[in-house]
Amino acid sequence: MTLHELARHTAAEFQAAYDRPPRWLVAAPGRVNVIGEHNDYNDGFVLPMAIERYAVMAAAESAGGKNAISIRSTAPGANPITIDLSAPVKPGEPRWGNYPRGVVAGFLARGIQPRGLDVLLHSSVPLGGGLSSSAALEVCTATLIEAATGKSIDPVAKALLCQKAEHEFAGMPCGIMDQFISVMGRENHLLLIDCRSRQTELVPMSDPSVAVLIINTCVKHELTGSEYPTRRKQCETAAKILGVASLRDATADLLERDRGKLDGVVYRRARHVISEIERTVHAAEGIRASNWPAVGQLMYASHDSLRDDYEVSCPEADAVVEIAAGIGIKGGVYGCRITGGGFGGCCVALIKADAVDLISRQMAADYRKQTGIAAAIFVSRPANGAMVLPGQCPVTETAFQSIDLSPIV
Ligand code: GLA
């Protein structure tokens with residue numbers, strides 16, 4: 001589905017649910033991280049791109065002037081939520097509602113009082129697939145509140161407000177990457193984020209000869225919840241022992257010098273982060289120079305490090321990366337790695353654009369042979385960050401470029 005179709009579909013769903021047309025239509029993308037994994041909470045560099053998959057909200061003032069935000073979702077089995085604006089906003093059930101609840105609480109804390117709204121949510125970001133469906137939902141909610149109140153907040157403050165929602169309402173101590181890219185993504189660019197200074201740099205990636213392939217392993221090992229905070233703590237422990245404020249300040253030499261002071265696991269966690277920060281800086285250089293083989297090698301090295309040192313991969317993601325490496329540059333694959341928090345979800349591959357179909361089919365066939373699982377595979381160009389979709393509904397045909405969101409296999 002193109003973004004245009006997605007917007008039209010969401011507007012039509014709103015009309016069907018609430019029996020009137022929406023007044024606002026907003027979207028926020030998911031993301032894929034090309035390289036720089038588990039670097040954001042270590043003050044390091046990350047290099048994600050927004051993808052052509054979006055959380056979309058259609059909304060209008062609530063019927064009867066109700067002082068509440070009611071959100072219905074088209075996701076199967078998702079019960080509707082109501083956020084009462086006359087009482088303090090707290091986390092609750094259903095759990096998916098905690099992302100919008102947290103964002104609304106963030107606006108209230110900034111003294112921005114949203115009005116009562118009826119909202120219809122439709123998302124094309126695969127849920128739990130490591131493509132930041134939750135950040136897309138948070139940023140989409142924030143964009144809607146901005147549109148409905150007419151009060152825009154600075155992009156960095158907006159991303160941080162959404163991150164806080166995730167920390168305090170969803171209990172996930174995430175870094176800043178997902179919310180930053182969903183707010184600040186730019187078409188045909190990756191975003192190099194310095195997670196210490198929070199400065200961002202757009203890195204152009206418009207070479208038509210390369211494509212970013214996203215391979216959803218379609219498995220989610222239920223470890224992320226407990227393992228993610230553990231990794232964060234291990235990194236903090238390493239930094240403390242090494243005498244630095246964060247692992248951003250450590251070097252491979254420093255780590256080797258003090259190796260004896262760290263237990264084996266903490267040592268390996270630190271080795272991943274220190275080397276991954278370096279790889280990310282080099283990958284940005286490689287992308288600026290269109291040196292795709294060099295970028296690809298860094299992606300493979302990132303995967304090895306995530307698998308062996310950070311231990312956040314899983315057999316299914318390892319299988320995808322092995323299949324990709326087997327196809328190799330000759331077959332059109334420059335590099336491949338697991339992306340996102342880990343323990344399943346998606347892999348990202350950098351491939352030759354003219355081999356997209358062949359590679360996708362081979363990867364799907366080999367993955368199914370090895371694991372018995374059907375992968376979902378699609379390409380995405382780097383997309384724009386959150387947006388208010390233009391015009392009143394129905395959206396005009398020319399308002400959107402045609403983006404093919406359908407999976408290849
Ligand atoms: C999750 C978190 C991000 C980041 C990645 C790992 O997606 O939300 O902040 O830490 O894991 O790179």
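In which loop is Arg198 found? Select Arg198: the residue is in the loop between strand 6 (189-194) and strand 7 (199-204). Helices (H or I, at least four residues) and strands (E, at least two) are DSSP runs, numbered from the N terminus. Arg198 is not a glycine, yet has a positive phi of about 65 degrees.

This is a predicted model, in which local features need pLDDT of at least 70 and side-chain atom pairs count only at pLDDT 80 or more, while totals for chains, interfaces and linings use all residues. Residues are numbered from 1 along each chain as its sequence is written, and side-chain values use heavy atoms, with hydrogens and water left out.

Next, select Glu93 and Pro94. A cis peptide bond joins the two, with omega about -15 degrees. Pro94 belongs to the loop between strand 4 (81-84) and helix 2.

**The ligand**

Now select the ligand and the residues around it. There are 13 of these, and Glu37, His38, Asp40, Asp178 and Tyr228 come nearest (a residue is near a molecule if one of its heavy atoms lies within 4 Å of it). By class, the shell has 5 nonpolar, 4 polar and 4 charged residues. Here Ala, Val, Leu, Ile, Met, Phe, Trp, Tyr, Cys and Pro count as nonpolar, Asp, Glu, Lys and Arg as charged, and the others, Gly among them, as polar.

Show the polar contacts (pairs of N or O atoms within 3.5 Å). An N or O atom in the side chain of Glu37 is 2.6 Å from an oxygen atom of the ligand. His38 places a backbone N or O atom 2.7 Å from a ligand oxygen atom, and for a backbone N or O atom of Gly175 the distance to an oxygen atom of the ligand is 2.8 Å. The ligand taken alone exposes 300 Å², of which the protein buries 95% (accessible areas by the Shrake-Rupley method with a 1.4 Å probe).

**The largest pocket**

The ligand sits in the largest pocket, meaning that more than half of its atoms lie within 2 Å of the pocket's grid points. On a 1 Å grid over the protein atoms alone, a pocket is an open set with protein on both sides within 12 Å along at least five of seven lines, a cavity is a set of points where a 1.4 Å probe fits but cannot get out, and lining residues have an atom within 4 Å of a point. The largest pocket holds about 1300 Å³ of space; a volume is the space filled by probe spheres set on the points, which are joined across faces, edges and corners. Select Tyr99, Gly128, Ser133, Ser134 and Glu166, the closest to its centre of the 49 lining residues. Elements giving two or more residues to this lining include helix 2 (98-109), helix 3 (133-149) and helix 6 (224-242).

**The largest cavity**

Finally, select Met57, Ile69, Ile71, Leu117, Val119, Thr141, Leu144 and Ile145, which line the largest cavity. About 30 Å³ of space lies in this cavity. Helix 3 gives the largest share of the lining, 3 residues.

Methods
A polar contact is a pair of N or O atoms within 3.5 Å; within protein, one must be able to donate a hydrogen and the other to accept it, and residues adjacent in sequence count only if both atoms are side-chain atoms.
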